[in-house]
Each structure stands twice: as C-alpha cells, then as structure tokens.
Amino acid sequence: MSDCIFCKIAVGEIPSATVYEDEDFRVILDLNPASYGHALVIPKQHYENLMTIPEELAGKAMIVAKKVATVLKEVLPCDGYNILQNNGLCAGQTVFHFHIHLIPRRENDNVGLEWNHIALTDAMRDEILKKVEGKF
Ligand code: AMP
Ligand code: ZN
C-alpha cells in the first residue's frame, strides 16, 4: 500500500522509535501515547485488520506482543498492561493497517479504557449462540 504510513514505518522507509524488529514485525513507540511506554506491534506486510490478516501472522503478532510487553514491563516499569487491537472506524481504528497496542498501566494513570456494561439477557444470549451455531 503506497499511501499507508504504517507500511512505510514497518519497512523502515520512515524512521520510527523502534523497540523491536524481526523478519515480520516492527514494534515502535506510539507518537501520541496513552501512557508512558505505549508501543505498537506492526506487521511488515499490509493487512487492514484482524479479519483479513492470515491466522499464522496474527498468531505471531500475539507472540511478539507477549515478548515485547514482558521486557517493557520489567524495564519501564509498570504495574499492568492492556493489549488492545482496534478494527473499524467505529471501534477507534484510525490507521487501517493491522496493529496491536501495548499499553503499560500504572495505579491512577487516568488511561480511559473503561466502558458502560449492559446486561446479557437470556434472549440476547440465545440469539447470539444460535447465530454462531455451525459456523466454525
Ligand atoms: P488506532 O487508533 O488503533 O488505529 O491506532 C493508531 C495509533 O497510531 C494511534 O495511537 C496513533 O497515536 C499512532 N500513530 C499514528 N501515526 C503514527 C506515527 N507516524 N508513528 C507512531 N505512531 C503513530
Ligand atoms: Zn500498510
């Protein structure tokens, strides 16, 4: 994708604060972090989201997330981590090249990732379970 910023960053065409790199991924510091140490796992190949990235690469992405978050948790340091991955505009995706957020968390850090919970009604549960029946 010639106009994709993360394609350019991932292959090194645009410089970035790289904390980890291998054959398939680059992990960089987010330019506008949610917290100190917020990083992004970016595949070098362009896939828009979780639905289109091949299963094997998606699996590798989580292994990289684990590897890097484990090291960053030690060195930063922090008390916890959110691993977050947005798909679609309504879900907060702003860069349409698959990536995983690694967000270090600390007590009272004010990172706003909470949401309002709704109740899972019996009707809702039955409807959803019926919809997925036989799909896998
Ligand atoms: P999302 O909203 O899930 O698509 O996440 C995109 C993330 O990329 C945001 O947290 C941005 O701050 C970050 N971002 C956008 N452009 C850059 C860039 N050039 N370098 C580093 N991070 C970026
Ligand atoms: Zn891209």
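Select Gln93, which sits in the loop between strand 4 (80–84) and strand 5; helices (H or I, at least four residues) and strands (E, at least two) are DSSP runs numbered from the N terminus. This is a predicted model in which local features need pLDDT of at least 70 and side-chain atom pairs count only at pLDDT 80 or more, while totals for chains, interfaces and linings use all residues. Residues are numbered from 1 along each chain as its sequence is written, chains are lettered from A and ligands numbered from 1 in the order in which they are written, and side-chain values use heavy atoms, with hydrogens and water left out.

Gln93 is buried, with a relative accessible area of 2%. Buried means under 20% relative accessible area, exposed over 50%, and partly exposed in between (1.4 Å probe, protein chains only). Show the side chain of Gln93: a polar atom of it lies 3.0 Å from the backbone oxygen of Glu48, and a polar atom of it lies 3.1 Å from the backbone oxygen of Val95. Not counting residues up to four places away in sequence, Gln93 touches Glu48, Asn49, Asn86, Asn87 and Gly88; contact means heavy atoms within 4.5 Å.

Next, select ligand 1. It is surrounded by 15 residues, of which the closest are Asp30, Asn86, Gly92, Thr94 and His101; a residue counts as near if one of its heavy atoms lies within 4 Å. The side chain of Asp30 has an N or O atom 2.5 Å from an oxygen atom of ligand 1. For Asn86, a polar side-chain atom is 2.9 Å from a ligand 1 oxygen. For Thr94, a polar backbone atom is 2.7 Å from an oxygen of ligand 1. The protein covers 81% of the 510 Å² of accessible area that ligand 1 has on its own (Shrake-Rupley method, 1.4 Å probe).

Move to the largest nonpolar core, which has 18 residues. Such a core is a set of buried Ala, Val, Leu, Ile, Met, Phe, Trp, Tyr and Cys residues joined through side-chain atoms within 4.5 Å. Those with the most contacts inside it are Val27, Val41, Ile100 and Leu102. Strand 2 (25–29), strand 3 (39–43), helix 2 (55–75) and strand 5 (100–105) each give two or more residues, and helix 2 gives the largest share, 7 residues.

Finish at Ala34, in the loop between strand 2 and strand 3. Ala34 is partly exposed, with a relative accessible area of 39%. Leaving aside neighbours within four places in sequence, Ala34 is in contact with Ile103 and Val111.

Key:
Polar contact = N/O pair within 3.5 Å; in protein donor to acceptor, adjacent residues only side chain to side chain.
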